[in-house]
Amino acid sequence: MSLVDSERRVLSGMRPSGRLHLGHYHGVLKNWIKLQHEYECFFCIVDWHALTTNYQEVGPISQHVMDMAVDWLAAGVSPSSATLFIQSQVPEHAELHLLLSMICPLSWLERVPSYKEQQDRLPGRELATYGFLGYPLLQTADILLYRAGLVPVGADQLPHIEFAREVARRFNHLYGREPGFELKAEAAIRKLGKKTATLYNNLRKAFQEQGDVEALETARALLKEQQSITLGDKERLFGYLEGGGRVLLPEPRPLLSEAPKLPGLDGSKMSKSNGNAIFLRDSNAEVEEKIRRMPTDPARVHRDDPGNPAHCPVWPLHEVYTSAETRAALQQGCQSAGIGCLECKGPLIEAVQKELQPLQARAADYQDNPELLRSILAEGAERARNEARETLTEVRLALGLNYR
Ligand code: TRP
Ligand code: SF4
């Protein structure tokens, strides 16, 4: 059993919605691409999550999965730096979900805000199902299965991460308290050696008696460095710090990215269902056409009406794509009616096309070679499974499900 440094491990998941757009790229993927060089990253295409809302129409899901995988790779998610895989190819997600379902109070699930919201938002679908109610727990299993400490998500997902933390805490509380825990923890402290043991005891005291959070952090860092004690002892000592049992499943923390919001072609949130998206694999002609058709400041009815970029849906895109210099000139031209809107859109069209060009070249490599894509996903699933199996071995043991 290897020791997982959960603070260095990142997991995130995305529902297979098909081809990705610039909103995904700027809001999520660019962040992942940075993280993959700094952390041990697992990126999961959560096809079972798609079933929770789309079980009546499963046909398109598999194509959506493949399209999304191509777009991740096209955007620069690298199989040599990160593990990318399809959730259903790692059946351990289902086993952990099942085991966690035993300890998850129904009321916790009913309280998750997305439960009611989505039911109201998707009125045509029958969502009073077991699977839909349980999907935050499935997401919890996705994360805890890898003992990932960090989960990059958008603000809308924060309640789900908080939920996952509560489930982990409950699990550790129930199953991390083995008989004789305190004695075992005290024995483990002695194995640290005299100096480290004293330090650990002092830090633990400072946290437990004075609530000194810094002492807790220091003690955790100290434990992480210890090479000579077993994984089990390390988990005991992590748990003992806070007065609980072993930390079998560490509590994950959200990692909010401060990515700029990229609005869609009509100024509202870019999304496939809003029909206002520029897709990563849109051709140059499509990009040009979409941007040319974008509405602008409604005050500019005629070419010689002055406008105001602050009232124009094109402007936020300029803020992402063009330089401050270009923008200063365009702003001046807009306000003085010195330029027309098509002229203003020119540099934006070029910048988007230029950004997408290398992505599309990479996408073509995978589109032309489905075998390559399949082998990347199979390898990712294999790597993910190895980690998942290790967690489950411990989870089964903690639950007394070891019959050999
Ligand atoms: N529920 C997330 C969403 O709708 C997707 C997701 C599933 C996820 N499992 C995850 C995100 C695990 C982060 C970690 O966007
Ligand atoms: Fe918008 Fe540019 Fe037209 Fe001004 S000139 S209204 S900023 S598109």
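Colleague: Which side chain has an N or O atom 2.9 Å from a nitrogen atom of ligand 1?

Modeller: That is glutamine 139. A polar contact is a pair of N or O atoms within 3.5 Å, so this pair qualifies. This is a predicted model, where local features need pLDDT of at least 70, side-chain atom pairs count only at pLDDT 80 or more, and totals for chains, interfaces and linings use all residues. Residues are numbered from 1 along each chain as its sequence is written, chains are lettered from A and ligands numbered from 1 in the order written, and side-chain values use heavy atoms, leaving out hydrogens and water.

Colleague: Which polar side-chain atom lies 2.7 Å from a nitrogen atom of ligand 1?

Modeller: One of aspartate 142. Glutamine 157 also places a polar side-chain atom 3.3 Å from a nitrogen atom of the ligand. The protein buries 88% of the 370 Å² that ligand 1 exposes when taken alone (areas by the Shrake-Rupley method with a 1.4 Å probe; for residues, only the protein chains shown count as cover).

Colleague: Why is tyrosine 55 called partly exposed?

Modeller: Its relative accessibility is 32%. Buried means under 20% and exposed over 50%, with partly exposed in between (1.4 Å probe, protein chains only), so tyrosine 55 falls in the middle class.

Colleague: Where is tyrosine 55 placed?

Modeller: In the loop between helix 2 (47-54) and helix 3 (61-75); helices here are DSSP runs of H or I, at least four residues, numbered from the N terminus.

How values were computed
Helices (H or I, at least four residues) and strands (E, at least two) are DSSP runs, numbered from the N terminus. A polar contact is a pair of N or O atoms within 3.5 Å; within protein, one must be able to donate a hydrogen and the other to accept it, and residues adjacent in sequence count only if both atoms are side-chain atoms.
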